[in-house]
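Subject: Structure handover

Hello,

The structure I promised is below, and my notes on it follow. Please read them with the coordinates open.

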Amino acid sequence: MQHVAVHLHRIVLFKHLGRWPGPALAHGLAGIEQLYRSKLKQSVHRFLEEEVALPSKNSPCPCGSKARFQRCCRNVVREGRGRLAEIRSLLARAAASRPSSPAKH
Ligand SMILES: [Zn+2]
C-alpha cells in the first residue's frame, strides 16, 4: 500500500505545482517540506512544524524582512502547514487501510 500513499502525495503536489513533480523533490512528507522550505528563509522553517506556535499577525516577520508577519511569510507558512497536515492525514488513512502483513513462518 506504500505506493498508494506516494501516489496520493504526488496528486497533492501536482495540484499545487501545476505539473507532475519530478525527481527534484523527495517522496512523501519530505518532498512537501522541501517545497515549502525552498519558499521560505531558513529562520522561518521551524514555523512549518505543527507544534510550533505562529508569531502574531502584527509582529515582525521572523525572516528578518522588518515587515509584519501578516504581510510577509504568514500565508506561505499557513499554506505549508495545511498541506503538511493534509498529507499526514492521507498517509495515516492509507496506513490504517493497509491489511496487516501476514505472519512470517
Ligand atoms: Zn517574512
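Cys-72 is in contact with Cys-61, Cys-63, Ser-65 and Ala-67, leaving aside its neighbours within four places in sequence. Contact here means that the C-beta atoms of two residues, placed from the backbone, lie within 7 Å.

Two points on conventions. The model is predicted, and local features need pLDDT of at least 70, side-chain atom pairs count only at pLDDT 80 or more, and totals for chains, interfaces and linings use all residues. Residues are numbered from 1 along each chain as its sequence is written.

Overall layout: the chain has three helices and zero strands, in the order α-α-α along the sequence. Helices (H or I, at least four residues) and strands (E, at least two) are DSSP runs, numbered from the N terminus. Of the 105 residues of the chain, 15% count as buried. A residue is called buried if 20 or more other C-beta atoms lie within 10 Å of its own, exposed if 12 or fewer, and partly exposed in between, with C-beta atoms placed from the backbone. Among contacts in the chain with a separation of 6 or more, 41% are between residues 24 or more positions apart.

Helix pair: α2 (residues 28–39) and α3 (residues 74–96) pack at an angle of about 180 degrees, their axes 10 Å apart. The two helices are therefore roughly antiparallel. Axes are lines fitted to C-alpha atoms, for helices over the stretch in contact, and angles run from 0 to 180 degrees between N-to-C directions; under 35 degrees counts as roughly parallel, over 145 as roughly antiparallel, 65 to 115 as roughly perpendicular and the rest as oblique. On the α2 side the contact uses Leu-29, Ile-32, Glu-33, Tyr-36 and Lys-39, and on the α3 side Val-76, Gly-80, Arg-83, Leu-84, Ile-87 and Arg-88. By class this contact has six nonpolar, one polar and four charged residues (Ala, Val, Leu, Ile, Met, Phe, Trp, Tyr, Cys and Pro count as nonpolar, Asp, Glu, Lys and Arg as charged, and the others, Gly among them, as polar).

α3 has 23 residues and spans 33 Å from its first C-alpha to its last, close to the 33 Å expected, where the expected span is 1.5 Å times one less than the number of residues. Val-77, Gly-80, Arg-83 and Ile-87 of α3 are buried.

Tyr-36 lies in α2 and counts as buried because it has 20 C-beta neighbours inside 10 Å. Outside the four places either side in sequence, Tyr-36 touches Leu-48, Val-76 and Gly-80. Its C-alpha is 7.5 Å from that of Val-76, 40 residues away along the chain.

The largest nonpolar core has eleven residues: Ile-32, Tyr-36, Val-44, Phe-47, Leu-48, Cys-61, Phe-69, Cys-72, Cys-73, Val-77 and Ile-87. Such a core is a set of buried Ala, Val, Leu, Ile, Met, Phe, Trp, Tyr and Cys residues joined through C-beta atoms within 7 Å. α2 and α3 each supply at least two residues of this core.

Two residues in the loop between α2 and α3 remain. Leu-54 is in that loop and, with 14 C-beta neighbours inside 10 Å, counts as partly exposed. Leaving aside neighbours within four places in sequence, Leu-54 is in contact with Phe-47 and Val-77. Lys-66, also in the loop between α2 and α3, has a positive phi of about 75 degrees although it is not a glycine. With 8 C-beta neighbours inside 10 Å, Lys-66 counts as exposed.

Regards
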